[in-house]
Amino acid sequence: MTERNIAVVGAGYWGRNLVRNFSELGALHTVCDQDRRTLAGFKSLEGVALESAYPRILENAAIAGVVLATPARTHYHMVKAALGAGKDVFVEKPLALTVQEGAELVQLAEKNERVLLVG
């Protein structure tokens, strides 16, 4: 049985597809979105937590991986925070807005022995 240890952050247009996929895999632990109306649309997901604060995702030891479907301008800081918190990360493209930021995130993932994937 798959462990529920993935949080999808950003449950809008593309994020809802990721929520569906990870839910069908039985891996979805939490859906996180700043918009509480968006979160309300996921109340029917049995056993899945709903969260509006990204820092709580990072603090939650039960969450091993973070899936980011947020605006591109947020990717660098959110990926960096997740890697720093010891989480594996799947982020929708682009990884970052500059080559330097992207390279820094790759180095941080390697240093922390974390998985970093770009979709």
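Leaving aside neighbours within four places in sequence, which residues is F42 in contact with? I looked it up: F42 is in contact with A11, R16, V19, V31 and L50, where contact means heavy atoms within 4.5 Å.

Ground rules before I go on. This is a predicted model, so local features need pLDDT of at least 70 and side-chain atom pairs count only at pLDDT 80 or more, while totals for chains, interfaces and linings use all residues. Residues are numbered from 1 along each chain as its sequence is written, and side-chain values use heavy atoms, with hydrogens and water left out.

I placed F42 in the loop between α2 (36–40) and β3 (49–51). Helices (H or I, at least four residues) and strands (E, at least two) are DSSP runs, numbered from the N terminus. F42 counts as buried because its relative accessibility is 12%; the cut-offs are under 20% relative accessible area for buried, over 50% for exposed and partly exposed in between, with a 1.4 Å probe and protein chains only. I also checked F42 against R20: they are 22 residues apart in sequence, and their C-alpha atoms are 9.8 Å apart.

Next I went to helix α1 (residues 15–24), where G15, N17, L18, V19 and F22 are buried. They pack against β1, β2 (28–32), β4 and β5. After α1 comes G26, with a positive phi near 75°.

How far does α4 reach from its first C-alpha to its last? I get 19 Å for its 13 residues, close to the 18 Å expected at 1.5 Å a residue; the expected span is 1.5 Å times one less than the number of residues. H75, Y76, M78, V79, A82 and L83 are buried in α4. Their cover includes β1, α3, β4, β5, α5 and β6 (116–118).

α4 also gives the most to the lining of the largest pocket, with three residues. That pocket has a volume of about 250 Å³ and is lined by 13 residues, with V9, Q34, T70, P71 and M78 nearest its centre. For the record, a pocket is an open set of points on a 1 Å grid over the protein atoms alone where a 1.4 Å probe fits, with protein on both sides within 12 Å along at least five of seven lines, and lining residues have an atom within 4 Å of a point. I sorted the lining into six nonpolar, five polar and two charged residues.

Just after α4, I found G86 with a positive phi of about 85°, in the loop between α4 and β5. G86 is partly exposed, at 36% relative accessible area. Beyond four places in sequence, G86 is in contact with A64 and R114.

I noted a cis peptide bond between K93 and P94, with omega about 0°. P94 is in the loop between β5 and α5. E113 has a positive phi near 55° and is not a glycine; E113 is in the loop between α5 and β6. Buried or exposed, which is E113? E113 counts as exposed because its relative accessibility is 67%. As background, most residues other than glycine have a negative phi, and most peptide bonds are trans.

**Entry: E101**

Last stop was E101 in helix α5. E101 is partly exposed at 25%, and I see E101 touching Y76 and A96, not counting residues up to four places away in sequence.

Note on methods:
Grid points are joined across faces, edges and corners, and a volume is the space filled by probe spheres set on the points. Ala, Val, Leu, Ile, Met, Phe, Trp, Tyr, Cys and Pro count as nonpolar, Asp, Glu, Lys and Arg as charged, and the others, Gly among them, as polar.
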